[in-house]
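Subject: Handing over the structure

Hi there,

Here is the structure I promised to pass on. My notes on it follow below; have a look at it first.

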Amino acid sequence: MKYLVLLVVLVVAIGIWRNNRAAPRQARPGPARPPALPQDMVACAHCGVHVPRAEAQTQGESTYCSLEHLRLGKP
């Protein structure tokens, strides 16, 4: 009977040890991405919405938030 209890305790101890050993492998975070660089913002000449300069539509000195507002021009 005491060998059966010893076997049960040993099996439980091995199970706990294996679960604790496997947990750190899954918890490792991936490589961190660098933060995005700030962009210059410009206001739309038609509606005043601010958009990044890279996404703005430009005509002469004026910038617009979309092709539709570029077509409509200044109000």
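In what order do the elements of the protein chain run from the N terminus on? They run α-β-β-β-β-α, that is, two helices and four strands (DSSP runs numbered from the N terminus: H or I of at least four residues for helices, E of at least two for strands).

Before the details, please note that this is a predicted model, in which local features need pLDDT of at least 70 and side-chain atom pairs count only at pLDDT 80 or more, while totals for chains, interfaces and linings use all residues. Residues are numbered from 1 along each chain as its sequence is written, and side-chain values use heavy atoms, with hydrogens and water left out.

**Overall form**

The C-alpha trace spans about 95 × 20 × 15 Å along its principal axes. Of the 75 residues, 13% count as buried (under 20% relative accessible area; exposed is over 50% and partly exposed in between, with a 1.4 Å probe and protein chains only). The chain exposes about 6800 Å², and carbon and sulfur atoms supply 61% of that area (Shrake-Rupley method, 1.4 Å probe; for residues, only the protein chains shown count as cover).

Leu4 lies in helix H1, residues 2-27. Leu4 also belongs to a nonpolar surface patch of about 890 Å², together with Met1, Val5, Leu7, Val8, Val9, Val11, Val12 and Ile16. Patches are made of residues with over 30% relative accessible area and no salt bridge, joining like charges within 9 Å and nonpolar side chains (Val, Leu, Ile, Met, Phe, Trp, Tyr) within 5 Å.

A search of the whole structure finds one salt bridge (a side-chain nitrogen of Lys or Arg within 4 Å of a carboxyl oxygen of Asp or Glu). Glu68 forms a salt bridge with Arg71, and their closest N and O atoms are 2.5 Å apart. Because the two are three residues apart in helix H2 (residues 67-72), about one helical turn separates Glu68 and Arg71. Glu68 is partly exposed at 41% relative accessibility, whereas Arg71 is exposed at 60%.

**Around Gln59**

Gln59 sits in strand S3, residues 57-59, and is partly exposed with a relative accessible area of 48%. Leaving out residues up to four places away in sequence, Gln59 touches Tyr64 and Leu70 (contact means heavy atoms within 4.5 Å).

Best wishes
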